[in-house]
Structure formats: structure tokens, C-alpha cells
Amino acid sequence: MNVFVILRRLKGLIYKETLQILRDPSSLLIAFFIPVMFLFLYGYGLSLDIKDIKLGIVMEDTAPRAQSLVRSFMNSKYYDVRIDHNKKVFEKQLIAGKIKGILVIPQDFSKKLQNKEDIAPIQLITDGSDPNTANLIQNYTRGVWQNWLIQESYNRPQNQPIGQINMISRVWFNSELKSANFIIPGIIAIVMALVGTLLTSLVLAREWERGTMEALMATPVTIVEIILGKIIPYFILGMISMALTVIAGILLFEVPFRGSVFWLLIMSSVFMFISLFLGLLISTVTKSQFVAFMTSLIVAFLPTFILSGFLFEISSMPEIIQLISVLIPARYFVLGIQTLFLAGNVPEVFIPDTLKMIAFGIIVFLITAKVTVKRLD
Amino acid sequence: MTKPLVKINNLSKRFPKSNGFALNNINLEICTGAITGLVGPDGAGKSTLIRMIASLLLPTSGNVTVNEFDSAKEAHKIQSIISYMPQKFGLYEDLTVIENLNLYADLKNITGNEKESQFKRLLKFTDLERFTSRLAGDLSGGMKQKLGLACCLIKTPQLLLLDEPSVGVDPISRRELWTMVKELVNDEMGVIWGTAYLDEAEKCDDVLLLNEGNLLFQGKPDKLYERVKNRTFQIQNIEGSNRKVLTTALTNSKVIDGIIQGRSVRIVTREESVFPSTQEIDSGLDSRIVKVAPRFEDAFIDILGGGPGGISLLSEEMLNIPEYKEDIINVNCLTKAFGDFIAANNICFSVKQGEIFGLLGPNGAGKSTVFKMMCGLLKPTNGTADIAGYDLRTAPGEARSKLGYMAQKFSLYDNLNVQQNLNFFAGIYGLSGRKKHKKIEQMIKIFDLKQYLETSAGDLPLGFKQRLALSCAVMHNPPVLFLDEPTSGVDPITRREFWVHINGLVQKGVTVVITTHFMDEAEYCDRMGLIYQGNLIAIGSSDELKNSVRSEILPDPTLEDAFIELIKAENLQRQALK
């Protein structure tokens with residue numbers, strides 16, 4: 001078989017596909033609108049940081065030290081504090097969801113604080129129907145409380161207990177604990193999984209629906225040429241879409257990019273190929289745009305969203321789910337790209353992850369090539 | 001010298017999940033130098049056979065060879081010497097004419113001077129030179145079909161496979177395509193032309209007749225006519241109702257098949273030269289019985305064992321429709337615009353009670369638009385339509401209760417079974433209790449649906465789908481019936497049966513409005529309107545339309561001839577106006 005003949009056919013197919021991409025708004029819409037929508041939705045809409053949480057403080061004790069504690073709550077950027085002397089008022093508001101927690105400073109607070117032997121308790125009531133926020137309030141309150149204690153003991157050195165452990169914590173890689181810093185790289189992974197899968201699954205299903213696939217198959221073109229003719233143009237489009245998402249993430253959300261473009265290209269190329277082949281596989285099996293679309297959402301988007309570790313910590317999932325997540329290629333990509341953004345080049349992470357993704361790619365390709373025979377049955 | 005090109009031995013094809021064979025033990029040979037017509041109703045196995053020759057489907061048993069290459073093992077070699085045009089022409093609608101041609105030139109490795117000269121030749125041949133930069137999606141059906149053909153001919157194939165190339169295309173383009181393909185055929189090239197139009201089959205050099213996966217006949221059309229030689233007659237100059245004459249003729253034991261042709265009735269007899277007398281069929285003193293040339297369909301019906309007879313159980317059970325003195329349907333200047341596009345332009349006509357009125361025209365001409373406005377499914381931009389005195393805009397409910405509607409493709413609920421469909425439609429037409437029960441029982445009996453009661457409508461054979469759709473449309477005794485392409489794709493026997501019911505209903509006073517693209521079916525209509533590019537360009541009975549184009553060149557025009565002439569005249573007139 002003459003190589004030039006093959007290249008000419010491939011050229012014909014790629015040129016045709018490029019024209020179709022440029023003329024048909026739907027693939028451009030997928031490649032550019034989905035990333036923008038996801039960036040805005042998740043970048044702005046989904047924040048795991050707490051800020052200005054509404055907290056009611058019941059001051060049963062009004063002594064200066066109790067007031068000093070309340071002031072440190074008021075100064076904290078995490079809380080939006082309101083004060084009352086009656087607990088009943090806040091209980092009603094908590095039930096109505098108007099505030100997220102109640103802090104009670106009991107009547108004997110200052111008295112017990114004075115007495116070295118005694119423990120001075122404060123009571124925190126949180127809204128367990130939103131466990132995430134409840135947890136955060138607990139932690140932050142403990143933080144504020146500890147800071148205040150330390151401050152108090154500096155002010156009154158005579159009260160400082162001997163041998164108290166002073167913990168200074170440091171957070172590496174995302175020192176501001178800004179959630180955008182790990183959400184944005186995760187979004188890039190999700191966008192790539194979804195865009196890659198949708199691009200190929202929809203366009204190929206369209207060829208089946210319009211009967212052009214049948215006409216194509218009756219020509220001397222080989223099945224590998226048909227697959228490459230689809231993959232190459234959509235790979236380029238998908239990578240442009242990826243690059244835009246990365247740039248927008250860095251510019252709009254000020255996410256640091258500490259790694260190298262080289263590794264970004266390596267890992268995202270491999271992941272993009274997996275997504276594109278998955279899309280081909282879906283459309284070959286479904287042969288209808290609607291079913292292909294739904295299947296892409298279920299196969300590409302949901303597992304990537306839930307099981308990749310992008311939002312939900314894999315190590316805290318039940319073991320069986322953890323085992324399943326090993327089969328989600330996005331899991332490796334999310335880890336890789338988050339590392340790339342926040343920690344920099346760590347080949348010890350990248351190389352095994354990339355190899356695992358390549359293994360996935362080969363499996364998906366082999367299945368696709370096996371399923372996509374040049375026949376209608 | 002013509003030579004054998006395709007050989008098929010004991011070929012069978014069975015699709016997974018289906019009960020029967022799509023193709024059943026087919027043996028045949030196809031030669032170069034001829035157009036081989038592959039004829040049969042929908043679901044007969046035409047497309048399956050063509051796809052198997054193109055080695056897009058594997059045989060379940062038996063084998064196919066093209067130029068000695070085996071379809072299962074040497075698909076690539078076969079695909080290098082054939083060209084295949086699938087049903088939807090296989091064009092990329094968002095590419096221009098020239099871009100489509102370029103793609104196929106690349107795929108078939110045609111370059112340089114050869115490409116230049118081929119493009120020039122093909123564009124001239126298909127008359128597409130002026131449209132090279134137009135998107136394929138913006139071309140008319142006829143032009144798409146020509147472009148599809150041009151894409152197939154960039155590299156001259158040894159075998160050209162055309163799967164229903166003339167469906168949905170206006171009659172002029174159909175004839176042009178035929179002439180083009182006829183010109184192409186030579187001793188080095190064979191053509192297989194799949195079609196559901198039996199009149200197209202008559203023109204083929206060689207014919208393969210398929211029905212339900214079985215090859216009923218292979219050979220020259222003339223050979224098929226031998227079967228029905230001296231058995232086809234026309235009853236002319238009929239006094240009174242031609243439908244009554246047809247019904248009487250069909251109940252006569254000497255007659256196996258009959259149809260209406262304008263004012264006349266055409267029959268096929270059981271034996272050569274033995275036909276009933278005019279008294280027997282009660283056609284009047286002045287009527288005469290004349291021998292006519294046999295047609296393809298006569299032979300097809302004869303092979304299948306004759307038509308269904310003339311008695312319609314449906315019309316026997318149906319009540320007489322009270323007489324309505326004025327025109328029962330009035331369409332006044334209906335116009336429908338979708339944005340800039342005028343789908344129907346100022347359409348006016350009226351229909352009397354007991355008439356069959358046909359709306360005819362190629363796909364996309366606007367007949368369905370007019371139809372939908374008449375049934376109140378589409379709001380007209382301008383104009384009115386009333387049925388039995390009710391305006392569809394002011395009293396849509398009352399007007400609609402007067403009509404039964406059978407939509408294209410028989411729109412039934414595919415997921416419901418036959419019983420559930422009947423229950424549903426009886427319910428929406430306001431039948432309930434004992435009355436509903438009795439009516440459904442009646443329909444099951446008349447249309448012989450008992451064996452399929454539990455079958456999903458989507459899995460029914462096409463003929464039964466059509467029966468079920470008709471039964472759902474007539475359950476509430478409507479005085480007016482709207483039928484949108486009611487016989488599209490069904491086999492001739494089922495079509496006959498359908499028309500027996502319609503004739504019976506009309507004799508009870510039902511008025512029928514029908515769309516069709518089968519010309520011989522248009523002959524059943526008392527009057528018809530020809531719609532072309534949104535305009536009603538002619539209206540009249542079949543004989544009137546034929547007479548209007550009769551000339552020295554066309555001394556005995558068929559209805560199709562009449563339509564082609566009328567469309568040509570319209571085109572000329574428009575050019576003159578420009």
C-alpha cells in the first residue's frame with residue numbers, strides 16, 4: 001500500500017473535518033463554551049472557604065475578659081457576629097437557618113477562668129444539617145479560642161502555665177488555603193474529559209445519523225484512517241480548549257502555576273487522547289447523537305467529577321469505591337495537574353501517573369479499534 | 001461484451017434480535033452493461049442486499065463475490081472498484097459542492113490533471129457548474145442526488161450501487177437521473193438501482209424482485225409481462241360510480257386485481273382473455289372493455305397470488321354519513337411563512353362530500369404544510385380553512401372532531417402495544433364504556449389485529465402498522481379523513497387492501513384528502529392539486545390534467561408526464577417573469 005495514497009486520504013478527511021468544525025457552531029460551542037461555563041460556575045460558585053459565617057454569641061457574662069473574647073470573634077474574617085443576652089433568640093434563628101451557629105459564654109466564665117484549677121467552658125451549638133459548615137465552624141472556633149487564650153496569657157505572664165505546648169502550623173503548597181487553587185486544576189481535568197468525549201462522540205454519531213458514515217465506509221478508506229481523521233483535528237481543538245482554560249484559570253483566579261509547560265503538555269495530551277477515544281467508542285456503540293450525549297455525560301463527566309479526587313477525598317471513601325476509582329483515568333490526571341499547578345515539577349508523581357494513563361489509552365484504543373469495524377453489523 | 005460482475009450464492013442474512021431472515025437463500029448474477037433494478041417494498045431486503053454487495057454487511061451464510069473478490073475476506077478490494085450512494089446520498093451538508101467532490105477525489109486517490117478533467121466533466125454532466133460554492137445542505141433534493149452521483153463517479157467504478165436514489169425527488173429530477181445513469185452504463189460498468197417505484201422498474205434492463213427477503217423474480221421485465229399477457233383490461237366510459245364498478249369487478253371470480261385509473265377501471269383477469277361482461281360488473285350500456293398493455297405491478301401482484309378482493313369490512317360496519325350540501329372542505333388563500341421562506345403561498349381549493357382529493361408534489365414542495373394547516377395542526381400566516389362549516393381557527397375542537405387523521409410514518413405510540421394504542425385513540429376521540437369496547441372489538445376483527453394485540457406498535461410489520469393507524473383514525477366515524485402519505489413503503493397487496501377500505505368509506509359518504517408521491521395512486525383521486533415550491537400550480541381530475549398537456553409529441557400522456565409538463569411550464573413562466 002502506497003504511503004502517499006494513505007496520506008492523501010488522511011489529508012482529505014482532516015481537511016473536511018476542519019471545515020466542518022469551522023462551520024458548525026456545535027463543536028466550537030463544546031470546545032469553548034463548556035470550559036468558560038465550568039470555570040465560572042465552579043471557580044466563582046463553588047468555594048470551600050468560609051467567610052462571614054453568621055454566628056450568634058450569647059453573652060451571659062459581660063465581664064471585660066468575656067468582652068475581649070467576643071472582640072476576637074468579631075475581628076475574625078470568618079465570622080459575621082451578632083450578640084444577644086438571651087439564648088432563645090438565637091435558637092429560633094438557628095432553626096430558621098438564619099445563623100449557622102451559637103456560641104454561649106456562660107455566666108461564670110470569667111470567674112472560672114480566674115481560677116487555675118477550674119476549666120472555663122464555652123458552649124458551641126452548630127447546625128448539623130449542614131455538616132460541612134458545622135465542622136468548619138467547630139475548627140475555626142477552636143482556632144479563635146486558642147489564639148485568644150495565648151493572647152491572654154501573654155498579657156498576663158503570671159498566668160502562663162508551665163510547659164504548655166505551642167503549636168505553630170504551616171500549610172504547604174497552598175499556604176492561603178484558597179480553594180480555587182485546587183478547584184481550578186480539577187476543573188481543567190473535568191473540562192478536558194467532557195469536551196474530549198463530547199467532541200468525538202457527537203461528531204461521529206452525527207455521521208452515522210446523516211448516513212455519511214455509510215458512504216465513507218464503502219470507499220477504500222481504512223478504519224484506522226477514519227479514526228485518525230477524527231482524532232487529529234479534534235485533538236488540536238481540544239488542546240486549544242485546554243490551553244484557554246489554563247490561561248483563564250491563571251489570569252482570572254490567580255492560581256499559581258509552578259510546574260513546566262512541558263509536563264502540562266505531556267499529561268494533558270495523554271488524557272485528551274483517552275477522552276477522544278472514549279468518545280469514539282461511545283458513538284460507535286450508540287450511533288445516535290442523543291444517546292451519545294447522555295452516555296458521554298454518564299461515562300465521562302460523572303466519574304471524573306466524583307471519583308477523581310477533584311472535590312471529594314478518595315481516601316475517605318469506602319474501600320470498594322476506592323478500588324473503583326483506580327479505574328478512572330481522571331484520578332491520575334487530577335493528581336498530576338494539581339501537583340503541577342501547586343507544587344511544581346515532581347517527576348516522581350508525573351511519570352507513574354502518565355504511564356498509567358498511557359495504559360488506559362492503549363486499552364481504550366484497542367477496544368475502539370475492535371468495535372469500530374468497517375461494517376454496519 | 002458484457003460480463004458477469006456480481007455473483008451471489010445461497011446468500012442469507014439474519015440480523016441478531018430479529019426473528020426472520022432479512023434475506024433468504026438468494027442466488028443471482030449481475031452483469032455489466034445493464035441497469036439492474038432491485039425492486040420491492042420497504043423491508044423487502046433491498047438495502048440489505050446492496051450493503052452486502054458493498055461488503056458493509058457480512059453474510060450469515062452463503063457468499064457474495066464482486067469481480068471474483070469475496071465480500072467477507074476482500075472488502076478492501078471490492079470497495080476500490082465500486083461506488084455506493086446510500087439512501088441519504090452520503091453528502092456532507094456543511095461542505096460546499098466542490099468541497100464534497102474534493103473529499104471524494106482524495107479518498108479515491110484522483111489528483112492533478114485527472115482530477116481537473118473529471119471535475120469539469122462531472123460538473124457539466126450534472127449541471128452543477130453554477131453551484132460549486134453552494135453548501136450541499138442548501139441544494140434541492142434533485143441537485144443533492146446529482147451531486148451524490150457525481151461523488152460516486154469521480155473514479156469510474158466497475159459497479160455503481162444506488163440505493164433508492166429517486167426517493168423524495170421531484171419527477172423531473174428523477175427522469176434526469178435516469179437518463180444520466182443510462183448514458184453511463186457500458187460494457188465495463190454495471191449498475192444496481194434500488195427502488196420502491198414499480199414504474200421505475202419497468203425501465204430497467206434487468207430486474208430483481210424482492211419481497212420479504214425472497215427473490216421472486218430475476219430477468220428482463222418483458223419476461224415478467226409474459227405471466228400476465230392478455231390478462232390486463234381497462235373498463236372505459238363507465239356510467240355512474242367507477243368505485244362501485246371496481247368493487248363489483250373485484251368480487252367477480254374472473255378478476256384477481258383491479259385499480260381505478262381516473263374515470264376508468266383497470267383489471268387483471270385470472271385467465272388469458274377471459275374477462276367479465278359489462279353486465280356482470282354493471283358498468284353501463286355504453287361502457288366497453290379494452291385490452292391494455294401489462295404493467296410491472298400486475299405481474300408482482302400475480303406472483304403474490306392476486307389482490308385482496310373488493311369487500312371492505314370496515315365500510316360495512318361504518319354508518320352512512322349524513323349528506324352535506326355545500327363543499328365540506330373550504331381552503332381559502334392559505335399562506336404559511338417560516339421566516340423568509342414561504343412554504344405555502346395563497347392556496348385555495350374546495351372539496352365536495354364523498355370526494356377523494358389528492359395533494360401531490362415532490363418532497364419539500366409544501367404539501368404537508370398545507371395538509372397540517374387544514375387539520376389545524378399548524379397555524380396559517382394568512383387565510384382560513386373550514387371543515388363541515390367549522391373554522392379551524394375559531395372552533396378547532398369541533399372541526400377536529402369531524403376529521404380522522406393518519407400522519408406520515410403512521411405516528412403511533414411505538415412503545416405501546418396494539419391494544420393500548422387502540423384504547424388510547426378510542427379515549428382521545430371521546431369513546432367510553434360499552435361503546436368503546438365494542439368499537440375496539442370491531443377494529444380488531446376488521447383489520448385482523450388479534451395475533452398482534454400484545455406486540456409493541458414499533459415492532460409491527462409495516463403493513464400492520466398501516467392497518468392499526470387507519471383503525472385509530474376511523475374509530476370515531478369521522479366524515480372527513482386526512483391521510484398523509486398513507487401507503488408509503490408498503491407492499492402492493494397491502495396498498496390494494498388499503499384502497500379497498502378507502503373506496504368503501506367513500507361510498508358511505510366519507511370525504512378523503514390524501515397526499516402521495518405514487519403517481520398510480522393519484523389515479524384513485526377524483527380530483528387533485530399539484531403543489532410545487534409552495535404554489536398550487538394545477539388542479540383538476542386526472543383526465544383533465546392529462547388533457548391539458550396532450551400534444552403531438554405526447555399523444556397519450558401518463559399522469560407523471562402531465563406533472564412534468566406542468567412543472568416545466570411553471571418554471572418557464574417564472575423565468576419569463578424574472
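In helix α11 of chain A, the buried residues are A:A292, A:T295, A:S296, A:A300, A:T304 and A:L307; a residue is buried if 20 or more other C-beta atoms lie within 10 Å of its own, exposed if 12 or fewer, and partly exposed in between, with C-beta atoms placed from the backbone. The model is predicted, so local features need pLDDT of at least 70 and side-chain atom pairs count only at pLDDT 80 or more, whereas totals for chains, interfaces and linings use all residues. Residues are numbered from 1 along each chain as its sequence is written, and chains are lettered from A and ligands numbered from 1 in the order in which they are written.

Helices (H or I, at least four residues) and strands (E, at least two) are DSSP runs, numbered from the N terminus. Helix α11(A) covers residues 289–307, 19 residues in total. From first C-alpha to last, α11(A) reaches 26 Å, close to the 27 Å expected at 1.5 Å a residue; the expected span is 1.5 Å times one less than the number of residues. A kink of about 30° lies at A:F301, shortly before the proline A:P303; the bend is the angle between axes fitted to the seven residues ending at a residue and the seven starting there. After α11(A) comes A:G309, with a positive phi near 85°. The cover over the buried residues of α11(A) includes α7 (180–210), α10 (261–286), α12 (319–325) and α13 (329–342) of chain A.

A nonpolar core is a set of buried Ala, Val, Leu, Ile, Met, Phe, Trp, Tyr and Cys residues joined through C-beta atoms within 7 Å. The largest has 231 residues, of which A:A189, A:L199, B:I53, B:L161, B:L481 and B:F482 touch the most other members. The most is given to this core by α7(A), with 19 residues. Two residues are in contact if their C-beta atoms, placed from the backbone, lie within 7 Å. Leaving aside neighbours within four places in sequence, A:A189 is in contact with A:T304, A:S308, A:F310, A:A330, A:F333, A:V334 and A:I337.

In chain B, four strands form an open antiparallel sheet in the order β16-β15-β18-β19; two strands pair if DSSP finds at least two bridges between them. Strands β16 (341–351) and β19 (390–391) stand at the edges with a single partner strand each, so one side of each has no neighbour in the sheet. Seven bridges join β15(B) (residues 329–338) to β16(B), and B:A337 has B:I342 in β16(B) as its bridge partner.
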